[in-house]
Each structure stands twice: as structure tokens, then as C-alpha cells.
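Me: Please take a close look at one part of this structure, covering what surrounds it and the chain it belongs to. Then carry on to whatever else can be said about the fold.

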Amino acid sequence: MGPELLKHAVDQVRMPPQARARILQACRAQAATIQEEETGMKTKSNAFPRKRLPAVLAAAALCLCCAAGAFAAGRAGVFVNVKNWLGAVTGGRYEQAGQEIALDAAYADGTLTVTADLLLPKKAPYRELDTLCIARYRIADGAGDTVAEGGPTEVAVIENGAARMTVVCDPLPSGEYTFYVDGFTGGAKADAPLPITGGWQCAFRA
Amino acid sequence: MEMPPAQPANSAEAALARYGDILYRLCFVMLRCDADAEDAVQETLLQYLRRAPRFETAEHEKAWLLATAKNKCRDALRYRRRHPTLPQDAACPAPETESDGAVLQALMSLPEKYRLVLTLYYVEELRVADIARVIQRTPSAVKMRLQKGRQLLKAAYQKEDL
């Protein structure tokens, strides 16, 4: 058996005309699909600047507004439930109140008089409070070293949206000091004390 | 450097006209079934359309088509092995040819790797180096397969002839 016989035998195998027609049809359909995809992609890419840009700008503006709102909300105080280990609510506290109380301090003869101004007296919880005291405080000298700390202070009555508290401490050498407060405790008649947390500080001179 | 423009999508029609029979013969010898061979040729040409490859010469184009057809046939054979259904003879009856059927039957009874190189070498008259490129083996491996394939074909032909 020579190679010619093999070649002759296999050469007789030819693609049937029906198969050729089917393959041709499939190729034409595929070519049309490819052309449609390419045309669609071009249209899409050309349309992007005109149609997408306003949408992108609107989305960016919306995000900015939401972020600003969230930032503003983040600066406002919030009520938080206090729960026991069973998950039952046993009380509450008010957090992030740093921007809602202004602090001022004056030192004289071993006594520091601290005035806490309630900046939002008509807003809860300040409108309900009758008394206020400092839960935790710290006094730092000009170098940042703590020279006194303590708390809570005596309870002061809130009058005209302000509470004046007295902190008794050891006599301080002359100089610049900073008074730090980590939290207050508010009181109302027939109600549980309300911890108010945040961060406050004010400078005073001895 | 600017690339030459892509070939038009309808060049598959030209490829079908030029290489349709060559691809069909190869697929038929590999798959031993005319319907599967038709599917493999169609898949080859559809891939040709999708990829739109650029060729430097006609030989390059022919080698690409043969290699792709070979891969499609291997995919089909792998699928057959993993999804056995009807016996091969029942599903794909042998085609009616005017040629010496014993030679064709002997060729198609050989293992796939010998069928492929024998067909490419003796029927499509590719050089050993070109066959090596199509099947991604070394030229010496192609020569070994040709030698072994010839022996097997001779034995199978004598068996068929008896």
C-alpha cells in the first residue's frame, strides 16, 4: 500500500454541499452578530460624555449633600440606651455633646469657678435638666502635665441656660493652665441622672 | 508602528471556500463521523471570525486553521469520552466514498495521534516542520509518529483486506 493510495482514499472525502451551506449560514450569522456588537460598542462609547456626565454630576452632588448631612449629624449629640447583660434597657446617656456646651473657667485662691453654658437650652435633653455637675475633670499646666484631676463636682442649678460649678483644688503656681472635662451629669426632678459625654477644654490663668 | 487593518468578518467565507475540504477531511479522519466533522469545521471557522487573526502568509493561515480544527476535534473526542451515549458506529455511519474503503477504514482505525500526522503528511502534503507547528511537537517526534503510523496502517490495511 503506497502513499498514493492513502491520498486517493482520503481525497475522496469531501464536504457535502448541505454541510457547506449550513456552515456558511452560521458564519454569516456570526459575522452579523460581531458587526452589531462593534456598532453597539461604538454608539455606547460616543454617547457616554453626553448622557453620563449629567448623571455623574447629579450623583456626585447627592453624595456631597449626604456626606455633609452625615457630618452635621455626626457633630450633634445623640441619645444612647444603656443595656444590661440581658439586653434590657436600664438607662440612657447623651453622647457627642462637645459642641453643645461651652466651658469657661476662672481661678482664684485655690478655687476654680467653672461656667457651663448650654448652647441649645430648648433642645432635649437640656430643656429637661435642672442641675448639672462635672463628672470627670483634669487640670493640665502649660507643659501638658496633669496637676489635678477629679470628679464629680458639686451639683449646680441651671439658671438662664448656664450652670456655675466650683472646683476646689490645691493652690496652683502662677501660669497658664488648661481645664479639661470628659463628661457632665445632668439631673432632672424625679428622673435618673443623665451622663453627658463629649470633650471640652478651656484655658485659665492662675 | 501602525497595525494592518483587521480582516473583514466575511473572510470566513473565503476561508471556507479555500480550506473547507481540507478541514473537513482532517476533522472527518479525526472524529470518524461526518456530523461531528461538520460541527468541528463550523466551530473552527466561527473562531476564525471571532478572533480575526492577522496572517503574514497563506501558509500561516492554513496552519492556524488546521491547528484550530485539530484542537476542536480533540475537544469533541474528549467530550465523547466523558459523555458516552450511542456506540460510534450507530451514531455515525461510515460515509459512502468512491475510493478504496479499506484504506480509509484502516486509517481511521489507528490511534488519533497517528491518524493526524498521516493525514497531514500524505493527504494535505504538509512538511514535517509545518506538521510539528500544527501539533506543537518537535519535527523528530513527527517523524517518529509517521514511521510508527505507517507500520500500524500497513498492519491494519492487511487486516481489513483479509
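Reply: A residue is called buried under 20% relative accessible area, exposed over 50% and partly exposed in between (1.4 Å probe, protein chains only). By that criterion helix α5 of chain B is mostly covered, with six of its eight residues buried. The buried residues are B:A102, B:V103, B:L104, B:A106, B:L107 and B:M108. Helices here are DSSP runs of H or I with at least four residues, and strands are runs of E with at least two, numbered from the N terminus.

This is a predicted model, in which local features need pLDDT of at least 70 and side-chain atom pairs count only at pLDDT 80 or more, while totals for chains, interfaces and linings use all residues. Residues are numbered from 1 along each chain as written, chains are lettered from A and ligands numbered from 1 in written order, and side-chain values use heavy atoms, without hydrogens or water.

Across the chain boundary, α5(B) (residues 101-108) packs on helix α1 (residues 3-11) of chain A at an angle of about 90 degrees, the axes being 9 Å apart. Axes are fitted to C-alpha atoms over the stretch in contact, and angles run from 0 to 180 degrees between N-to-C directions. The two helices are therefore roughly perpendicular, a label for 65 to 115 degrees (under 35 is roughly parallel, over 145 roughly antiparallel, the rest oblique). On the α1(A) side, A:L5, A:L6, A:A9 and A:V10 meet B:V103, B:L104 and B:L107 of α5(B); contact means heavy atoms within 4.5 Å. By class, this contact has seven nonpolar residues, no polar and no charged ones.

Chain B exposes about 9000 Å², of which carbon and sulfur atoms supply 49%. Among its contacts between residues at least 6 apart in sequence, 67% join residues at least 24 apart.

Another helix of chain B, α2 (residues 34-51), holds B:Q42. Leaving aside residues up to four places away in sequence, B:Q42 touches A:R22, A:I23 and A:A26. Within chain B, B:Q42 and B:G20 are 22 residues apart in sequence and 9.5 Å apart in space, C-alpha to C-alpha.

Chain A also contains paired strands, pairing being defined by at least two DSSP bridges. Strand β8(A) (residues 162-168) runs antiparallel to β4(A) (residues 111-118), joined by seven bridges. One residue of β8(A), A:A163, is the bridge partner of A:A116. A:A163 also stands opposite A:I158. Strand β7(A) (residues 156-159) is antiparallel to β8(A), with two bridges, and A:E159 has A:A162 in β8(A) as its bridge partner. The hairpin of β7(A) and β8(A) has two residues between the strands, and A:N160 there takes a positive phi near 55 degrees. Two bridges also join β7(A) to strand β5(A) (residues 131-141), again antiparallel, with A:L132 standing opposite A:A156 of β7(A).

Methods
Areas by Shrake-Rupley, 256 points an atom, 1.4 Å probe, with all protein chains shown as cover. Nonpolar A, V, L, I, M, F, W, Y, C, P; charged D, E, K, R; others polar.
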